[in-house]
Amino acid sequence: MSFLPEPEEEADVATLAIFKKNLGFVPRIFRAQMARPGLVESQAKLIDTLLFAKGALTRIQKEFILLGVSGANNNSYFPVAHSKALEFLGVKAQQSEQVAIDHRQANLSEPDTALLDFARKLTLQPNGISIADVDQLRKADFTDEQILEAVLMTGLTNLLNSVQLGLGVEPDFKPRVTFPLKEVNPEIGSERPMLERPLAEESVSADPDAEFVARVKAGDTDAFEELVRRHGRRVYRSLIGLLGNAEEAEDALQDAFLKAFQHLPEFEGRARFSTWLVRIALNTGLQRLRGRKDFETLDDDSEEFRPRRIQAWQDNPEDLYSREELKRLVETEVMKLPSKYRVALMLRDLEELSTEEAANVLGLTIPGLKARVLRGRLMLRESMVVYFAKSGAGVNS
């Protein structure tokens, strides 16, 4: 459950009762600290005073800060726990999850959006906070008392995020949204929930887009059009492969480029711009995929697949098909796979994310991701047998 063993007995039931009363349960993060009950009591009093008690901000606004900051830190634990708490306050789980993923897409009021903009910037770019940011909140009709409370809630959330990551406490409930692990309070953030991580084979210093990225950061918005021109086709192909629908892929393409433009000031260049952009696009596509009413869940792995056509392929499939025709056949057959296997193959084999990255995106364990990729490859291979199998070879079951 955590890196450290939990005490066999809870030393201070009254302290933990604060969480039971306000959340309906006692989160594991506090049970995991009961070796030092005095420290848990101090945290409980602070949380009770700052979050649970009536203050300058509403309880929902403070809960939203907790979700938004946790999302900025790629912390999956608190969005799980506090989405449950917000349901009791009349906030639907879908909206809570969206606040953690991207609060600007969560249908919040303009003041609440400004509030979370501030909290997120304070988390990801603390050295960039200035009086101008505070004035923006004042223009949104926040009082100085409310701004102080927002700063304290942001700090409290960062503390709790660090404690949870440091102790390795697992979520109390199964996460619907999973973020990749990263350091709390980096100097600069990447598009969440995808890590901006350099790949071993990339030469980041030779990024062909570096000049245009620098121009956009300097205020030359026309340079962003060149980035769109350079990468629009690849991003679109990734999205149509993921979503299987041209119209939806076009909408997701627009969303992805908008997010990239909004977050470009935070792009540090630890990976190539093209890699960072594709990961934003894939994350955007996955959010849409999960939002479909008829979506086949990505979580169920209970079904079993056994290949029915076990046949040898021609030694060189390109003897029968040109490279372009072969590529078309593969793409066609990939699109016929069940969503969960298609997505796993897209991330690993087409977009070449690492196993760890792909598992984090899908909220799977590494063995679970590997199992899906293997099944997907087996399904794809079986579907291609008809094109490449030697006549009369193999066994049909």
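Biologist: How do the axes of α3 and α4 cross, and within what distance do they come?

Modeller: They come within 9 Å and cross at roughly 120 degrees. Axes here are lines fitted to C-alpha atoms, for helices over the stretch in contact, with angles from 0 to 180 degrees between N-to-C directions. Bear in mind that this is a predicted model, where local features need pLDDT of at least 70, side-chain atom pairs count only at pLDDT 80 or more, and totals for chains, interfaces and linings use all residues. Residues are numbered from 1 along each chain as its sequence is written, and side-chain values use heavy atoms, leaving out hydrogens and water.

Biologist: What makes α3 oblique to α4?

Modeller: Under 35 degrees counts as roughly parallel, over 145 as roughly antiparallel, 65 to 115 as roughly perpendicular, and the rest as oblique. The angle of roughly 120 degrees therefore makes α3 oblique to α4.

Biologist: Which residues meet there?

Modeller: Leu50, Leu51 and Phe52 in α3 meet Arg59, Lys62, Glu63 and Leu66 in α4. Contact means heavy atoms within 4.5 Å.

Biologist: Why is α4 called largely enclosed by the rest of the structure?

Modeller: Buried means under 20% relative accessible area, exposed over 50%, and partly exposed in between (1.4 Å probe, protein chains only). In α4, 13 of the 14 residues are buried, so the helix is largely enclosed. Across the protein chain, 48% of the 397 residues count as buried.

Biologist: How do you know that the span of α4 agrees with what a helix should give?

Modeller: The expected span is 1.5 Å times one less than the number of residues. For the 14 residues of α4 that should be 20 Å, and the end C-alpha atoms are 20 Å apart, so the two agree. α9, with 24 residues, reaches 35 Å from its first C-alpha to its last, close to the 34 Å expected. Helices are DSSP runs (H or I, at least four residues), as are strands (E, at least two), numbered from the N terminus.

Biologist: What is called a nonpolar core, and which residues touch the most other members of the largest one?

Modeller: A core is a set of buried Ala, Val, Leu, Ile, Met, Phe, Trp, Tyr and Cys residues joined through side-chain atoms within 4.5 Å. The largest has 47 residues, and Phe30, Ile47, Phe64 and Ile65 touch the most other members. α9 gives the most to this core, with 7 residues. Leaving aside neighbours within four places in sequence, Ile65 is in contact with residues including Leu57, Leu115, Ala150 and Met153.
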